[in-house]
Amino acid sequence: MEKKFVLGIDLGTSNSAVTLCNLESGESRTVDVTQILAPNQIGERSSLPSALYLPNGDEFSVEAIKLPWDEGGSRVVGIFAREHGAQVPDRLVTSAKSWLSNPHVDPQSAVLPWNSEIESGKLSAVEASRLYLEHIKQGVLYAARMEGREWNLDEAQIVLTVPASFDEVARKLTSDAALAAGLPEPVLLEEPQAAFYAWTDRVGSEWRKQVQAGDVILVCDVGGGTADFSLIAVSEQDGNLAVERISVGEHILLGGDNMDLALAYTLQAQLEDEGTEIDDWQFLALIHTASQAKAKLFEDAGLSELPIAIPSRGSSLFAGTVSTVLARETLEGVVIDGFFALTGADEMPEEEGGAALQEFGLPYASDAVVSKHLARFLARSLQNVKTSESLSALIGDQASALEGSLLKPTAVLFNGGVFKADAIRARVLELLASWCGDAPRELEGFQPDLAVSKGAASYGRNRVTGQGIRIRAGSARSYYLGLESSRPAVPGFKPPIKAVCVVPQGMEEGSSHLLEGRSFGLVTGKRAVFRFFASEIRSGDKPGDLVNKADKVLEETSKLEITLPPMDEFPEGQPIPVVLNSVVTELGNLELWMQHVDSEQKWKVEFQVRME
Amino acid sequence: MRSIRLKPKTTPGLRAWCFGLRGLLFSWTLGLIVLNSGFGFRVVLWPLYWEFQKDFIMKTKALVAGILIAILNGLMFVESLSVFNVYFVSGAIALALWLVLKAVTAGEVPKAEEEAVVPPTPEPIAPPPAPKNAAEAEVVAVLASLQNKGRLVDFLMDDISKYSDAQVGGAARVVHQGCKAAFSEMFTVEPVATEAEGAKVTVPVDAGEMYRLSGSIKDDGPHSGTLVHKGWKASKVNLPRVIKNEDGQLPAIAPAQVEVK
């Protein structure tokens, strides 16, 4: 069906936003999403907090939390969910997105809210994501209806952003959640790429003047809960500038929320030194107040300190309020020197160790220094680029970029709420200058909160109209199938695992690959399981290449399983020779098929939800 | 000798006008042909065409008018009829004006019809019916939001005389920070006058109630004076809406809070 509009959806870890681009009029704007502001109150806000609250049976009347488009009563999504849920953590689901890529817990099992004692109503990370997307969809349709316009979702190009660090399983789960929410054919776009599209859209045709062939752009995206890095190389092809995403980072659960929390702990200690104890409720208020004071101090360089006042919970405001001061020194010590320390180019984040009994929740980054994660990303990027001649050629004209221990970016595009602060951007540039020799220049971003959804809408528009720039990206990682090596079993000794590359890094949308020369014998009616590995730093591997010690050098992401249905042509018990066919669909999803060697018949291989 | 002149004496200026109009009408006709050919309408006059397209009778009338204009235009080029040119021109102009007028008004009438024929949406969402005291309930909702974020009602209901300035100051910060956040979500506010307070200003003549004068006011403006207060105006209002309210009851400004252990 002909596409009439684009929905660019930023399904964030802490906040979501949506931009609608009308392809007929060319107009593109962020849709204010209707949500519950308090019991019996609704209103519109430009972003929808990715928070879900599960009220108990009689906590609120059905009407008090009813949106214009639903029956109401069972769940609250958005601002009120986050505000009220902060005081009732047992009933609050947050960071569902991070649970989608959690290697320890099945994202499809109903375990959220995590560690909660409530008996009914728990849901899975996929289901929570579906509910956020459903809310966004209904919000967009409702807003249009209020303006007398009826959109048909079949005429929509849906673009959904995901962290560049999401692996194939997390991407597929996101895509499934969107389909289940009634968003047809969602195209996935990496968030740092979306930020880049938003930037090109904002500067218009000027962008070709602001970057040159040979530039390596670091997209540095630190949001509320996650840090996401990507590198984009600019080259010249047939007289035109071409852009290609050459490297993506690992999933790092570290963001602005950690900074606010750190600041609140510091202020709590300061209050205790002054002889004031605060309770849990006041601590929540302190996080909030500290966050606002942080923003204000960063915004106004002339202020040396800001008073902090925390009310008590009772109605007596004058008697119960406790006061202290946030000094600029404290702020810079905690946020700038704490999270963005001037560390060396070879200082890598510390792996978790020590504590043997680690809580089995989200794998938060154990090292809070963003600088070290950035160094690790740039070092791994260099490793990745060096393994591939075609990638090296992209940055070949400045050989100095490839010298040393990390890949040196020449420009930086900041994104995410954390980088609203000039001082933090300046510190990251200073840090990069200390590693690279020259300070990379800053490409001026805009509205770091909404840029991702705007960029997603721009990308969708370019995709439908076939005009404007496209970042060459393809698969962010290379993927491998584990092979058992045939050698005699030795007690207490695991045989090394070999893996064969089935999807090369950069494999483009709409292409497929048949793995020749390696066939598997599958018996009908019997489940076959394969181990599945990935790597973001082996861009040189081609399909069919073998990797030794796969469990050491690659990352195991999931298991694959396939059960061939019983078929008349094949007698029971006789193995059917099949070869692996990998496909990256037009929508950017990776699919694996087993194809019969002698015919065109093929069967889809399913990702088994990963479990440790 | 021509004692009766059907054609008024034409001055060079008028002739130029006629030529200009002729050219204009010719292109107008061409435009209509293109329009009705269904080929160039997207680019040329798509919205106009769309209005016509929806109404069959209107479309027919427009076509007939277009052909008439074309004929009138053609007649102007017939030398032997040149004495009637002024009538041809005025006729064509009248028709063209009629068409334009129709096009403009057609945009309004069929719209209502269009809405009538749109099939009912699968799940029509009507705004919830307003309860009897909806207006009061919405004011309470605004107050609730100022209390929730900025403790405004606690501030007003407490006895301020018992506390030191330091305590009042601490509480005022809570109120200022929270109420400001709630307030700026609901209202976008900007000053009425952009000049600095204390500056000499001239009050715009059409300012209406946006300005208030004091001192010795003359009978007629424009008035000049010193800007004492720059004024505030709301450029955007985005208030919370009440979902449902029992008739005769108002919602709580702040619910009583109970911590369950």
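Which backbone nitrogen does the side chain of A:Thr19 reach? In this predicted model, for which local features require pLDDT of at least 70 and side-chain atom pairs count only at pLDDT 80 or more, totals for chains, interfaces and linings draw on all residues, and side-chain values rest on heavy atoms, with hydrogens and water left out. Residues are numbered from 1 along each chain as its sequence is written, while chains are lettered from A and ligands numbered from 1 in the order in which they are written.

The side chain of A:Thr19 reaches the backbone nitrogen of A:Lys454 at 3.4 Å. A:Thr19 lies in strand β2 (residues 15–22) of chain A, where helices (H or I, at least four residues) and strands (E, at least two) are DSSP runs numbered from the N terminus. With a relative accessible area of 1%, A:Thr19 is buried; this class covers values under 20%, exposed residues being over 50% and partly exposed ones in between (1.4 Å probe, protein chains only). When neighbours within four places in sequence are set aside, the contacts of A:Thr19 (heavy atoms within 4.5 Å) include A:Val6, A:Ser28, A:Arg29, A:Ser453 and A:Ala457.

A:Arg29 in turn forms a salt bridge with A:Glu27, the closest N and O atoms being 3.3 Å apart; the term denotes a side-chain nitrogen of Lys or Arg within 4 Å of a carboxyl oxygen of Asp or Glu. Both partners are partly exposed, A:Arg29 with a relative accessible area of 40% and A:Glu27 with one of 42%. By this rule the count comes to 40 salt bridges over all chains. Among them, A:Glu561 and A:Arg527 meet at 2.7 Å, N to O, and this pair links distant parts of the chain, with A:Glu561 in strand β25 (residues 555–563) and A:Arg527 in strand β23 (residues 527–535) of chain A, 34 residues apart. A salt bridge also joins A:Asp541 and A:Arg538, with 2.7 Å between the closest N and O atoms; here A:Asp541 is buried at 12% relative accessibility, whereas A:Arg538 is partly exposed at 24%.

Helix α13 (residues 422–436) of chain A comprises 15 residues and spans 21 Å from its first C-alpha to its last, close to the 21 Å expected at 1.5 Å a residue, the expected span being 1.5 Å times one less than the number of residues. Its buried residues include A:Ile424, A:Val428, A:Leu431, A:Leu432 and A:Trp435, and the elements that cover the buried residues of α13(A) include β12 (216–222), α8 (280–299) and α11 (370–386) of chain A. Just after α13(A), A:Gly437 adopts a positive phi of about 95°.

Between them, chain B and chain A bury about 3,100 Å², of which 51% is on carbon and sulfur atoms; buried area is the accessible area (1.4 Å probe) that two parts lose on being put together, summed over both. The contact takes 35 residues from chain B and 38 residues from chain A. Four salt bridges are found across this interface of chain B and chain A, and the side chains of B:Lys149 and A:Glu83 meet in a salt bridge at 3.7 Å, N to O. On the side of chain B that touches chain A, α6 (134–150), α7 (152–157), α8 (165–186) and β5 (241–242) of chain B each supply at least two residues, and α8(B) gives the most, with ten residues.

Technical notes. Polar contact = N/O pair within 3.5 Å; in protein donor to acceptor, adjacent residues only side chain to side chain.
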